[in-house]
Amino acid sequence: MKLPALFALLALSSSVFAAKPNVMVIIADDLGYHDVGFQGSKEIPTPHLDKLAARSLICTNGYVSHPFCSPTRAGIMTGRYQHRFGHENNPAWLPESTSAGLSMNETTFPTLMKTAGYTTGAVGKWHLGAHPQFHPNKRGFDEYFGALGGGHMYFPGAKGGAEYTIPLNRNGTDEPHTKYLTEQFGDEAAAFVGRHANDDKPWMLYLAFNAPHTPLQAPTEWLEKFAAIPQEQRRTYAAMVAAMDAAIGGVLAKLDETKQAENTLIFFVSDNGGPNLAKKSGVNFTNNSPLRGAKGDVFEGGMRVPFLVSWPSKIKPGKYDQPVIALDFLPTALAAADSTAPGNLDGVNLLPFLTGEKTTAPHDTLFFRTGGPGGNNAVRRGNWKLVRLGKAEPELYDLAADIGESKNVAAGHPQVVQELVTAIAEWEKGTIAPTFESPKGGAPKKKKAK
Ligand code: CA
């Protein structure tokens, strides 16, 4: 065969048998809705995330399945409402507890990706149980490096509580904390991307930063860049976001350098909305504008988050406005890997929607609940959003006209209210009470007054 014919055949075969994409899930921790460039922030430049956004669909109605840390991660890891298996609180740091963690009965995202032929790695915050049975290597990840608790001190040797000062962990063995933690996680993730660039298998990487979660600690060189922000905590928070952006930039640069960017499916979200870190003084160090509420709330500010989906070889960049949820990552990744998803998922394969093949909404209804049955519920259907705080009368908002949930229109739409209350009751039949409690002091309030 002549060379040009051979090249033509190779080109044909590579288009027919396109390689499975790599999959990367990047999670920020407690990032404000308005605190990255692609969401409109002028105060905190995030050039690397903005570059990723330019190659992504920006999902303007993108949610996570909980307004705080661990339950959102449990949802991402399973593609199921975490309420179905009692994961509605944050597990305390209890290395002896076999119940405070992601249920051993659940099949995880990386386990399914391994079955689909992937090498799987996790870097960063785990927060899905401290007992050795919950270790990432026991839940489907071939490789792990990070902090196993719900957060960590950022500088080596910094003093703090037990959970936040545990040694870093690599595949079950202690590892030294050598630099600003966000940078160390970024370096590890870039190393993973480089290490597996030429494998004959695709890879999946779960990169979970603990930034910009408290403690508010940032390197001097980043703090200096934000000297114009007068409020000290806001300045430190901004520096933490910028440091995370730079760390993500390092990972993206490695993808480009190794020519993997085109065929890597990337999801980016914050695990919950920005917290109001200074309720007492009335100063909010994060900015969730234009949303109402903050981390812990079932108003939009609790779980509507910056949300990107990037796959340059398949998904055209732009904006996508239908409601989507991080539960969709798992089935979307499995579909991209030509693998069949289990039948018990709540997430859906977004690919036909994001490519424009289907123009309907991926979800009829999305549900949110904190505090167990009888706690705080929210439901999103179309542009309607119903919020029911404990036993209080349900509130109804029209998000198309009122993204800030400022005008309760329940009185004018009793039928919609009734339908959504009924939908919650039906959904709750498939949920159970929480199987473990959040640690004392760290537990979000069960009910919050308006
Ligand atoms: Ca969080």
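Histidine 127 is placed in the loop between β4 (119–125) and β5 (143–147), where helices (H or I, at least four residues) and strands (E, at least two) are DSSP runs numbered from the N terminus. The model described here is predicted, so that local features need pLDDT of at least 70 and side-chain atom pairs count only at pLDDT 80 or more, while totals for chains, interfaces and linings use all residues. Residues are numbered from 1 along each chain as its sequence is written, and side-chain values use heavy atoms, with hydrogens and water left out.

Although histidine 127 is not a glycine, its phi is positive, at about 65°. With a relative accessibility of 7%, histidine 127 counts as buried, the term standing for under 20% relative accessible area, with exposed meaning over 50% and partly exposed the range in between (1.4 Å probe, protein chains only). A positive phi, near 60°, is also found for lysine 259, another residue other than glycine, which is located in the loop between α8 and β9. Lysine 259 is exposed, its relative accessible area being 75%. Two cis peptide bonds can be described alongside these residues: one joins threonine 214 and proline 215, with omega of about 0°, and another joins serine 289 and proline 290, with omega of about 5°. Proline 215 belongs to the loop between β8 and α7 (220–225), whereas proline 290 is in the loop between β9 and α9 (300–303). As background to these values, most residues other than glycine have a negative phi, and most peptide bonds are trans.

Taken as a whole, the protein has a secondary structure of 12 helices and 16 strands. Its radius of gyration is 21 Å, which agrees with the value near 22 Å that a compact globule of 450 residues would have; this radius is taken over C-alpha atoms, and the globule rule is 2.2 Å times the number of residues to the power 0.38. Along the principal axes, the C-alpha atoms fill a box of roughly 75 × 50 × 45 Å, and 57% of the 450 residues count as buried. Of the contacts (heavy atoms within 4.5 Å) with a separation of 6 or more, 69% come from residues 24 or more positions apart.

An open sheet with mixed pairing is formed by 10 strands in the order β7-β6-β5-β4-β8-β1-β9-β10-β2-β11, two strands being taken to pair if DSSP finds at least two bridges between them. Its edge strands, each of which pairs on one side only, are β7 (173–175) and β11 (318–320). Within this sheet, strand β1 (residues 22–28) is largely enclosed by the rest of the structure, because 7 of its 7 residues are buried. Asn22, Met24, Ile26 and Ala28 point one way from β1, while Val23, Val25 and Ile27 point the other way. Strand β1 runs parallel to β9 (residues 264–270), to which 7 bridges join it, and valine 23 has leucine 265 of β9 as its bridge partner. Strand β1 is also parallel to β8 (residues 203–208), with 5 bridges between them, and here valine 25 stands opposite tyrosine 206.

Strands β14 (residues 376–381) and β15 (residues 384–389) pair in the antiparallel sense over 6 bridges, and the bridge partner of valine 379 in β15 is leucine 386. Leucine 386 is also one of the residues in contact with valine 421, along with Arg388 and Pro394, when neighbours within four places in sequence are left aside. Valine 421 itself lies in helix α12 (residues 414–428). The C-alpha atom of valine 421 is separated by 33 Å from that of valine 25, 396 residues away along the chain.
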